[in-house]
Structures are given as C-alpha cells and as structure tokens.
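Let's take a walk through this protein model together. Have a look at the sequence and the structure first, and then we'll go through some spots one by one.

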Amino acid sequence: MQTHSHFAIAIDGPAASGKSTIAKCLARELGLVMVNSGAMYRAVTWKILQMGIDPQDATAIVAALPLLQLSCGVSGNYSTVSLDGKVLDEELRETIVNQSVSIIAAIPAVRNMLVQLQRDYLNHTSLVMEGRDIGSIVFPDTPYKIYVDASEEVRAARRSAEGVTDSVAARDKADSNRNNSPLIVAEGAVVLDNSDHTVASAVAAALDILRSQGLAMHD
Ligand code: CDP
C-alpha cells in the first residue's frame with residue numbers, strides 16, 4: 001500500500017530474467033533503495049534447513065516462524081536480511097537453498113510474514129522492489145510496474161555463466177503454478193522482454209516504461 005510521499009516501483013519476473021540487475025540500476029539512476037524480496041524467502045529457507053526441518057513439512061515450518069530472528073534493513077542503497085543478528089549473503093545462493101526456496105515460498109504463513117516486512121520498507125523510503133508478486137500483492141496500488149521476461153535459454157545461460165547450479169525451470173514452474181501469489185503479469189504491468197537487451201538498453205527501456213506510467217524524472 002502506498003503511504004505518504006513514498007512510492008514503490010514493482011519489478012517482477014521469472015528467475016534469471018535480469019530483473020535484479022535492472023532493479024539495481026533503476027534504484028541507482030533514480031536515487032531509490034533497491035529491495036530484493038527473494039533474499040527474504042531465501043533467508044527463511046536457509047534457516048529452516050539449518051534447523052534440520054524438512055522443507056516439505058509445512059506444519060513444522062509454520063511452527064518455527066515465530067522463533068526466527070529475522071530482520072530486514074538497508075545498507076547503502078540495498079536491502080539487507082539478517083538472521084540472529086548476522087547479515088546473510090553468499091549463503092542465500094547455495095544450491096540447497098535454490099532447491100527448496102520455491103517449496104517454502106508457497107506456504108501462506110511464510111508469505112504473510114514476509115509481505116508485511118516488505119510493505120514496512122515503504123514507511124521509511126521510496127524504493128524499487130523486485131520479486132514475483134510485488135505488483136500483484138505487495139504493492140498492487142502502485143502505478144509503476146514492470147514485468148521482466150526473457151527466454152528460457154537466455155535465463156538458463158545466465159545462471160550457468162554465474163557458476164550457479166540452479167534448476168531455473170523447476171523453480172519457475174513451482175512459482176507460476178502455486179495457489180498463493182503465483183508469478184503473474186500484474187494488472188497494469190508492462191512486459192519488458194530482456195532476451196536481447198544489453199544492461200544499458202534494458203535500463204533505458206525500463207525508464208521509458210516508468211515515464212509512460214507517469215513517473216516524474218529529472219532528465
Ligand atoms: O534471483 P532469482 O530470480 O533467481 O530468485 P529470487 O528473486 O532470489 O527468489 C527466489 C525464490 O523466492 C523464487 O523462486 C520464489 O520461489 C521466491 N519468491 C517469491 O515467492 N516471491 C517473491 N516476491 C520473491 C521470491
């Protein structure tokens with residue numbers, strides 16, 4: 001929900017579509033904070049695995065949620081996620097997290113907890129938030145929404161170029177087919193096909209979309 005003078009730019013899309021890169025560049029260009037909502041789902045997943053809980057055991061996961069010492073902040077222009085007072089970083093990209101995150105992200109209680117934390121950011125700052133349900137669920141009222149897409153080949157190639165073992169197709173299938181907050185093109189979102197863009201041309205295209213959606217910019 002939009003509050004006061006702060007506003008949100010919602011960037012959604014499938015895994016490895018390039019939305020993080022675009023969101024980061026937009027935030028830099030526009031002087032906003034970039035919030036990576038996926039890092040929050042990854043942090044919960046990492047901790048659940050650390051606790052030895054089976055990612056398929058939704059009852060045990062829901063019971064563990066109140067015990068998690070999860071806090072979300074900002075460092076420079078980027079969001080941070082801490083667990084037990086420690087900022088998480090590389091742990092969030094571990095293969096085991098990639099394999100389990102979409103299962104845990106489908107649990108409604110997990111989503112409710114994290115959506116609240118995501119909305120809380122807007123009490124402090126204007127932001128660019130990237131994820132799967134930012135334009136549809138987290139900030140449905142924002143006029144600024146982009147859905148970043150790219151072909152499956154391009155996305156799989158991007159992940160392997162990063163040296164990460166990640167079943168992008170399996171995660172996308174799970175994220176798109178779940179009942180709760182599936183990955184969709186939100187109402188009002190403009191699709192940006194990032195298959196053949198350079199970073200610079202993708203960011204320019206995103207800025208054009210935001211301008212067309214009414215975002216005032218000092219060019
Ligand atoms: O960076 P990448 O697109 O690979 O993934 P991510 O943004 O780090 O998100 C990891 C996983 O978290 C996704 O595959 C979803 O299962 C989940 N997620 C979600 O359900 N909703 C969001 N707003 C963000 C992420």
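Just after H9, Gly 214 takes a positive phi of about 100 degrees. Before going on, a word on the ground rules: this is a predicted model, where local features need pLDDT of at least 70 and side-chain atom pairs count only at pLDDT 80 or more, while totals for chains, interfaces and linings use all residues. Residues are numbered from 1 along each chain as its sequence is written, and side-chain values use heavy atoms, with hydrogens and water left out.

**Helix H9**

H9 covers residues 199-212, and its 14 residues should span 20 Å at 1.5 Å a residue; the end C-alpha atoms are 20 Å apart, so the two agree. (The expected span is 1.5 Å times one less than the number of residues.)

Which residues of H9 are buried? They are Ala 202, Val 203, Ala 205, Ala 206, Leu 207, Ile 209 and Leu 210. Here buried means under 20% relative accessible area, exposed means over 50%, and partly exposed is in between, using a 1.4 Å probe and protein chains only. The cover over these buried residues includes strand E1 (8-12), helix H1 (19-30), strand E7 (145-149) and strand E8 (190-193).

**Helix H4**

Helix H4 runs over residues 95-104, and its buried residues are Val 97, Asn 98, Ser 100, Val 101, Ser 102 and Ile 104. Among the elements covering them are H2, helix H3 (58-64), helix H5 (108-120) and H8.

**Two nonpolar cores**

A nonpolar core is a set of buried Ala, Val, Leu, Ile, Met, Phe, Trp, Tyr and Cys residues joined through side-chain atoms within 4.5 Å. The largest one has 36 residues, and Val 44, Val 110, Leu 127, Met 129 and Phe 139 touch the most other members. Helix H2 (residues 37-50) gives the most to this core, namely seven residues. Val 110 touches Tyr 41, Val 44, Ile 61, Leu 65 and Ile 104, if you skip residues up to four places away in sequence. Touching, or contact, means heavy atoms within 4.5 Å. There's also a second, separate core of 23 residues, including Cys 25, Ala 27, Leu 32 and Ile 146.

**Pockets and a cavity**

On a 1 Å grid over the protein atoms alone, a cavity is a set of points where a 1.4 Å probe fits but cannot get out, whereas a pocket is an open set with protein on both sides within 12 Å along at least five of seven lines; lining residues have an atom within 4 Å of a point. Grid points are joined across faces, edges and corners, and a volume is the space filled by probe spheres set on the points. For the lining classes, Ala, Val, Leu, Ile, Met, Phe, Trp, Tyr, Cys and Pro count as nonpolar, Asp, Glu, Lys and Arg as charged, and the others, Gly among them, as polar.

| Space | Volume | Lining classes |
|---|---|---|
| Largest pocket | about 1,100 Å³ | 15 nonpolar, 14 polar, 16 charged residues |
| Second largest pocket | about 190 Å³ | eight nonpolar, one polar, three charged residues |
| Largest cavity | about 30 Å³ | six nonpolar, one polar, two charged residues |

The largest pocket takes up about 1,100 Å³. Of its 45 lining residues, Ser 20, Lys 24, Asn 36, Arg 93 and Glu 130 are the closest to its centre. The second largest pocket is lined by twelve residues, with Glu 29, Leu 30, Ala 216, Met 217 and His 218 nearest its centre. The elements giving two or more residues to that lining are H1 and H9.

How many cavities of 30 Å³ or more does a search of the whole structure find? It finds one. Among the residues that line the largest cavity are Ala 10, Asp 12, Lys 145, Ile 146 and Tyr 147. E1 and E7 are the elements that give two or more residues to this lining, and E7 has the largest share, with three.

Ser 181 is in the loop between helix H8 (168-177) and E8. Is Ser 181 buried or exposed? Ser 181 counts as buried because its relative accessibility is 14%. Apart from residues up to four places away in sequence, Ser 181 touches Arg 111, Asp 133 and Ile 137.

His 124 lies in the loop between H5 and strand E6 (127-131). With a relative accessible area of 66%, His 124 is exposed. His 124 and His 6 are 118 residues apart in sequence, yet 7.8 Å apart in space, C-alpha to C-alpha.

Arg 155 lies in helix H7 (residues 152-161) and is buried, at 7% relative accessible area. Leaving aside neighbours within four places in sequence, Arg 155 has contacts including Pro 14, Ser 17, Val 168 and Asp 172.

Technical notes. Helix = DSSP H or I, 4+ residues; strand = E, 2+ residues; numbered from the N terminus.
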